[in-house]
Amino acid sequence: MLRFLNIAAILALVGSAIYAYSIKYQTSYRAEQIVKTKLEIKAEHDAIAVLRAEWSFMTRPERVQQLADRYLDLQPLAVDKIVTARALPERAPHVDAIAAKIDMLGLGVASTPAADPGAAPTTPKTSVATQTKGTGHQR
Amino acid sequence: MTMDTGQFVDTPPPDGQRATPAKKGAAERLRDFARAAFSTNLSSSTSRMRLVALLFLALYGVIGGRLVFLGFKPDPANLRRAAAEAVAAARPDLLDRNGEILATDVKTMSVFAEPRRLIDKDEATELLTAALPQVDAHELRDRLASKKGFVWVKREVTPHQRDEVFHLGLPGVGLIAENKRVYPNGPIGAHVLGFANIDNVGIAGMEKFIDGQGLADLHGAGFSMTPEELSPITLSLDIKATHALRDELAKGVEHFKALAGASAIMDVNTGEVIAMASLPDYDPNNPPDIHDVNIINRLNVGVYEMGSTFKALTVAMALDSGKVNLNSRFDAHTALTSGRFRIHDYHPQNRALTVPEVFTYSSNVGVARMALGQGVEKHKAFLRKMGQLTRMRTELPESAAPIVPQNWGELNTMTIAFGHGLAVAPLQAMMAVAALMNGGYLITPTFVKRSEEEAKKDAPIVIKPETSEAMRYLMRLNAEKGTAKKVDIAGYFVGGKTGTAEKVIHGHYSKTRLFTTFMAVAPADKPKYLFMTLMDEPQGLPETGGFATAAYNSGSVTGKIIERVGPLLGLPPRFEPPTQPFPILARLGFGFVNTPATGGGGH
């Protein structure tokens, strides 16, 4: 019994030592990681600062004007180039050109089977079946 | 055994054995010492422990002494401090009113050396000058020979040079990251921004102003701020408008072959300077010689006789006194004589003129009589109230005091009434005209973004609202049918006033060398922006009929600026002119002010 206790105590000691060591190792590893990440963040901040400076350098009005003069056909804004919303023509009544075309071709009923709600229950089941069968055949 | 020793101790050794016992004695003594040292006899352990304790005490004493010695010795941590003091500090970003970057910091690498740690200074000099060709070898050798702990080899090296120096692997030579100030927009807004030197210390403009706010003190005390800790400073400038203004001004200066030109846009309700340019200017990325008078900020540092734009102040003084109203007439039959001076009109009408006519014909005689009607003291007091006789201070460290006549007599009042004899900074004149426009608030111009409430909180009210409205009417009338027709850009309801001053050359006013100014306000019914352009010695051109007066040069440039900048600043062009632009005047019985004027040809 006493021997077992001794062995257990030694094992516990070795185990805790290993645990303590691993904790310590992990801590220093994490600390290193933090320092590294901080350095990376700093490097990213510096890179962002450079990119921001570069962006504002590339989009400086002087350069944009040169590019616009060369590649775009823009003109200065003047009063005669603006109209008020009221000056726009009224919106025309909505015309569904496709529906009109379908109606004209006489396909209106076939394309809208659910248009007549009263018709649905009176439709014989058999005829529907044959119809579907028939269409399936055609395909 | 014991008997033997006893015998040996008790009886002296015989004479014949004397040579051998000396030898034998040494060996024996060694044996005795070993026996005594390693014996486990308890009687000697106390003294032995004392000896051991003494030894350890001595050992710890040595270690402790060494620690104290090391503590007092100057260590490499000193280098870090020296480097931190030497490197360029971080500065806050400067943004325009819409958040565009005007000035920012980027990191660059600089090469430094610690002369005390260099092994072979000649070799180091040779290798470093090979890697950095711009460095002068002799000078570098001298610097490395010094006893200093820290010297710069070269500031702001390229990435390629940085790698080369790194690969030299010289002990005592290192690289350190520094902040470098960059101005992405180049010369746009340069006079407002100023610039910072290689140590990132503000030398001029807003950069110097920021340092004055305590940044430099912090750095000097050793608190280096990282860029994240510094909140950016938002200026009042609009970079797009500033570019457009500078572009039009540059075209104008070139077209009219002027020596110099300057232009500014100010928000009349907040005093913010929205855009500003003074040509010739400089690129803050390549800092110029600060003492070069040619590149001064003509709006703030130069003082000029503003010419007829000053008539607005005289007319406002007369109207505000209550003695004069819009229907009052002033005699302009003949030139006004005072002593040996004669005051002429540029557009002589040779009749009595009403106040609006005095303004639109820009009659020198009319305004001189107006000022005389008020008297010298009142004129002086009014100009002092309008801030024209004292030095105006803004955030910009550069400023200039106005040149005021020593003995201010009646003649001075007559000439100052039309802008000769008193030289002020153009921005100062803008402040006064803005007060005439915005309802009477004298707001000191600012280069930092601020709200209308903030601006008007401490602003003194210098004229009555109805006087302000009358001045806006006069400015508008002048753009409709007076000398300022060049700025009547459709849709913006602009009002304006020209000003042509003759430059003083060798003590005399010159007829050919002119200084022209132009003030315009838009829109005149609800004033928002005040535009000003000035030109130094513009030349008459064939298409202007050889005239070099303000309307032809400064005026046309201002017109182009308004046309181009209006949409950028969110001034919506209006199709219909406002029907009741001047309600207070109409209520006071001057209903005619709300009828748009037309024609009026010839002036």
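Okay, one definition to get going: helices and strands here are DSSP runs, with helices being H or I over at least four residues and strands being E over at least two, numbered from the N terminus.

Quick housekeeping. This is a predicted model, where local features need pLDDT of at least 70, side-chain atom pairs count only at pLDDT 80 or more, and totals for chains, interfaces and linings use all residues. Residues are numbered from 1 along each chain as its sequence is written, while chains are lettered from A and ligands numbered from 1 in the order in which they are written.

Most residues other than glycine have a negative phi, and most peptide bonds are trans. Let's look at some exceptions.

Back to Lys257(B): its phi is positive, about 50 degrees, and it isn't a glycine. Asn200(B) isn't a glycine either, and has a positive phi near 60 degrees. You'll find Asn200(B) in the loop between β5 (195–196) and β6 (202–204) of chain B.

So are these two buried or exposed? Buried means 20 or more other C-beta atoms within 10 Å of the residue's own, exposed means 12 or fewer, and partly exposed is in between, with C-beta atoms placed from the backbone. Asn200(B) is buried, because it has 21 such neighbours. Lys257(B) has 14, so it's partly exposed.

Now the peptide bonds. Leu279(B) to Pro280(B) is cis, omega near -5 degrees, and Pro280(B) sits in the loop between β9 (273–279) and β10 (304–305) of chain B. Ala522(B) to Pro523(B) is cis too, with omega near -20 degrees. Pro523(B) belongs to the loop between β17 (508–522) and β18 (529–536) of chain B.
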